[in-house]
Amino acid sequence: MAVSVTVIGWLLATLSVVLLPHTLHLPVWITAVWIAVALWRYLIARRRSGLPPALVRFALVLAAITAVVAQYGTVLGRDAGVSLLIVMLALKLLEVRQQRDIIITLFLAYFLILSQFLFEQSVLMLVYLALASWLVTSTWMLSQQSVVSSRRALRQSAILLLQSVPVMLVLFLLFPRIQGPLWKLPGDSEVSRTGISDHMSPGSISKLSQSNEVAFRVEFDQGTPDHATLYWRGPVLWDFDGRSWRDRYRGQAVEHWVETSGRPITYQVILEPHNRHWLFGLDYIIDPGINMSISGDGQLLAHTKITKRIRYELISRPVAHWPAQLPAAQLQRALKLPGYGNPRSRELAEQLHRDYPDPQHRIRQLLQHFGQDPFTYTLTPPLLGRNSVDDFMFNTRRGFCEHYASAFVFLMRASGIPARVVTGYQGGEYNQLGDYLIVRQSDAHAWTEVWLDQQGWVRIDPTAAIAPERIESGIEAALPDAAPVSGLLRTDIGFLRDLVLAWDGINNLWNLWVLSYGPDLQNKVLRQLGIINWTQMAMWMTVLCSLIVFLYLFFWWKSEREVIDDPVVKAYTRLCQRLAKLGIKRPLWEGPANYARRIQRQRPDLFAELGPILHDYQVLRYQTADSDSSSRQDLIRRMRQTRLKRTTAV
Amino acid sequence: MLQQWADRLSARHLAALEPGAVRLHRRRIYILPTVHGLFFGLALLVMLLSAINYSNSLAFILTFLLGSLFLLSLIKTHHNLLGLVLRCGPSRPVFAGQTAMFEINLHNPGKRERYDIIAGDDTVLPILAADSTGRVLLPVQTHQRGYISPGRVRVSTAYPLSLTRAWSWWKPECKVCVYPRPETTAPPPVKSGLAGSGQTTASRPAQGDEFAGLREYTPGDPISRLTWRRQNAQGMPSLKQFHDQVDSGLWLTWESVSHLGDTERCLSRLCQWVLECDARNERYGLVLPGEQIEPASGSEHRHQCLQALALYRSPQAQRN
């Protein structure tokens, strides 16, 4: 069966809708190929001209595969696979002749919708792709109908999809989940993501701070602690090369990194994927969970890279009991500086060492120096020269947290106090609607720790000296209005802010209950319902699906019955049965008018009464306007009460 | 291939001819996935595997939604046939070699519309409104005279998505009379005497000379002699009668054609003669070995004669 222009038009429109989100992350030439081929195919359909010959199509397919391989170096993996799928779909259009070809392209469209979920799984994307699925199903239905009616196809496929939802929910809840991946495809995990990186150089954190993306969300079991105490510890950086700080020897995992005391804080972190090993927690974590470990300098590390959103629970206590002495290896590392560079800072450090022999005084003096001198806290610091610390300390004096942390640790080390840089996040925004804390990339922060004998590692935040409001209430309070922090996050309009928070709340629930519904969560949820193993899951799945199907069948059957259950028809059928006993049987095909005429011939005595009844019945059944219920009741009563005398025919 | 195997299996228990209306109930509807359906199932499996591989909840949702869609479309396909009432409609006789059109009435007693119901191989009824009757014509090629019935009729549907096909078999008790193939090149009818009747008539012009009066029309009377000038109480027309046509008629006899030898050729010629006489509104009678039809005219008479020719020595109906 040939394919009509309407169906081709629908097909092209539907596929374009499905492809639209893909264009955001695929090379431009793929979109261009799609548009060109779609237009070509549409013109072919409009002009009823022939499809390109097989040789041309074959050449195009070869060219497409070559182009994809040239772009990605492979045809496997997510990005290359999706690109290949789209290009092949475009070329498939050039040989759409029959219904069967349409069905194949629509199958591919469903695959494309699925592959879009590998890129993004937000609520909005789900809504968009649900609409796309509706279109695909409608086009499918349209291509199967012998009389094409777009409205009917849209309506019926909407009904069909909505009716499919209950069974889908049962399957989603109960279908036994296993931990993926079943196999590994190249290029799946090398996706770059924003987040704290493994090194810190001037400008790296201020750049990160301009992103509103969520880094992680935290739910506290008993109230959110004070904003100023929320230091989310990330990578600890020891090694300075004159410009950037790194951690050259990844910390060895230890059993307990520090003895702690104080009131424990229990919280759950829902971390967005950042493709790194580290996790974030509050000082001082006492018990890392399974699949994670803690290093000697307090970095919480996952055993595998975080490539998808995870949720983990931590317990922290505020007080640590450090050993009296710093181990020699750590001491050496915490004092090491490059052999050359930044002479003026070294000079300042020696002067501080001379003037203030007590380390505590020295620290206080340096922080005061930051606070008093014309140091400015800004998101757009000027570029620094080769001697970056000198440049910052004596020339520009404008910097973001990484500048202060870097200069502070340098000066501390130069004056003989062991010190290190800690990166991570500070603070977060409390969402009252969902009772959780949102920590964004804009909350990225760098601070320092210095070793003081008898006290151990003490957290010193130089930023607090220059911009205390950053620590107490968050970044937006610390920066002047002109700072280029983007987005609604910074808005002062109350209700807009509420809206943003409400939206984040929805996203959080979505992440927690839908996107993270994997083997663990399923196990937890089903255990509460008393379903503990696969056998029971399979059983419940079958039972519930059958129940839903049975309910549908019941309701459809019931609505069918209503036609026959019309009481007037019932009474008429009963009357006919009674007449049949008298020998006047009504064949199925005989209408009331003919029947009445026959009764008149065979039994004129009965007709006197039956004639008007049959006439009224005829009027009631076949008139266009709706009859009122009283006349219906009256007719039923008359049909029932008619006396049928058994007399011989005249 | 799958469909053929299923057809054979499902048609195995098909009962004998079913008179009257037949309601398609649950136990006589068969259902199987189509080739599209099988591929759809395969696609679902691939989707499920990728959902597991990427541990992607939304991919699971889409896969399960489509799986559920499959299940529901299966039910809807079944429902599209369930409860349908099949009945034979009136069908017109044809000449051998022509295509007989069997009229099949599909009644939808329910409240919902039904779509794309296929009768036979490819006769589609696109839409059947609630509580209404649709009509499809089932073509059957005829080859020889006699009665013909459509045999085993399949009523099927693949609505809504062609993922599954439901079908039911029906052996309707309807038949069409197939007249012999008329011999178009036949010579004009010959005069022939009929032994014992003492009446001999010659072939002569058909138009009557003298108007004899009017009588009430009865179905089967030649339409050319109707008059609407005078109508009875029911508004039916009257029939003009002429003297010539009252008394005598032309006898078409088996003897006059028996020299042709072959039975079928004889019947073909007689058939042609009947048609010619009928076209001229003549009165004619037919004599076959063992059967005699008195001279008359009109469509009813024509059918009677042609039917006699059709069934001559072949009482059994054709099957296919």
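Me: How many salt bridges does the rule find across the interface of chain A and chain B?

Reply: The count across that interface is zero salt bridges. A salt bridge needs a side-chain nitrogen of Lys or Arg within 4 Å of a carboxyl oxygen of Asp or Glu. The model is predicted, so local features need pLDDT of at least 70 and side-chain atom pairs pLDDT 80 or more, while totals for chains, interfaces and linings use all residues. Residues are numbered from 1 along each chain as its sequence is written, chains are lettered from A and ligands numbered from 1 in the order in which they are written, and side-chain values use heavy atoms, without hydrogens and water.

Me: Why is the pair A:Arg57 and A:Glu95 called a salt bridge?

Reply: The closest N and O atoms of A:Arg57 and A:Glu95 are 3.5 Å apart. The limit is 4 Å, so the pair meets the rule. Over all chains the count is 25 salt bridges.

Me: Which parts of chain A does this pair tie together?

Reply: A:Arg57 is in helix H3 (residues 54–72) of chain A, and A:Glu95 is in the loop between helix H4 (78–93) and H5, so the pair ties together parts that are 38 residues apart in sequence. Helices here are DSSP runs of H or I with at least four residues, strands are runs of E with at least two, and both are numbered from the N terminus.

Me: What makes up the contact between chain A and chain B?

Reply: Chain A gives 58 residues and chain B gives 46 residues, where contact means heavy atoms within 4.5 Å. On the side of chain A that touches chain B, H7(A) gives the most, 13 residues. That side has 35 nonpolar, 14 polar and nine charged residues. Nonpolar covers Ala, Val, Leu, Ile, Met, Phe, Trp, Tyr, Cys and Pro; charged covers Asp, Glu, Lys and Arg; the others, Gly among them, are polar.

Me: What is the area buried between chain A and chain B?

Reply: The buried area is about 4,800 Å², and carbon and sulfur atoms give 72% of that area. This is the accessible area (1.4 Å probe) that the two parts lose on being put together, summed over both. A:Leu114, A:Leu160 and A:Glu560 supply 12% of what chain A buries against chain B, more than any other three residues.

Me: What is the volume of the second largest pocket, and what makes a pocket?

Reply: The volume is about 1,300 Å³, counted as the space filled by probe spheres set on grid points joined across faces, edges and corners. A pocket is an open set of points on a 1 Å grid over the protein atoms alone where a 1.4 Å probe fits, with protein on both sides within 12 Å along at least five of seven lines; lining residues have an atom within 4 Å of a point. Of the 35 lining residues, the closest to the centre are A:Val569, A:Arg586, A:Leu588, B:Arg87 and B:His107. The lining divides into 18 nonpolar, six polar and 11 charged residues, and H20(A) gives the largest share, six residues.

Me: Which residues does a cis peptide bond join in chain B?

Reply: The bond joins B:Tyr159 and B:Pro160, with omega about 5 degrees. B:Pro160 is in the loop between strand E10 (153–157) and strand E11 (164–170) of chain B.
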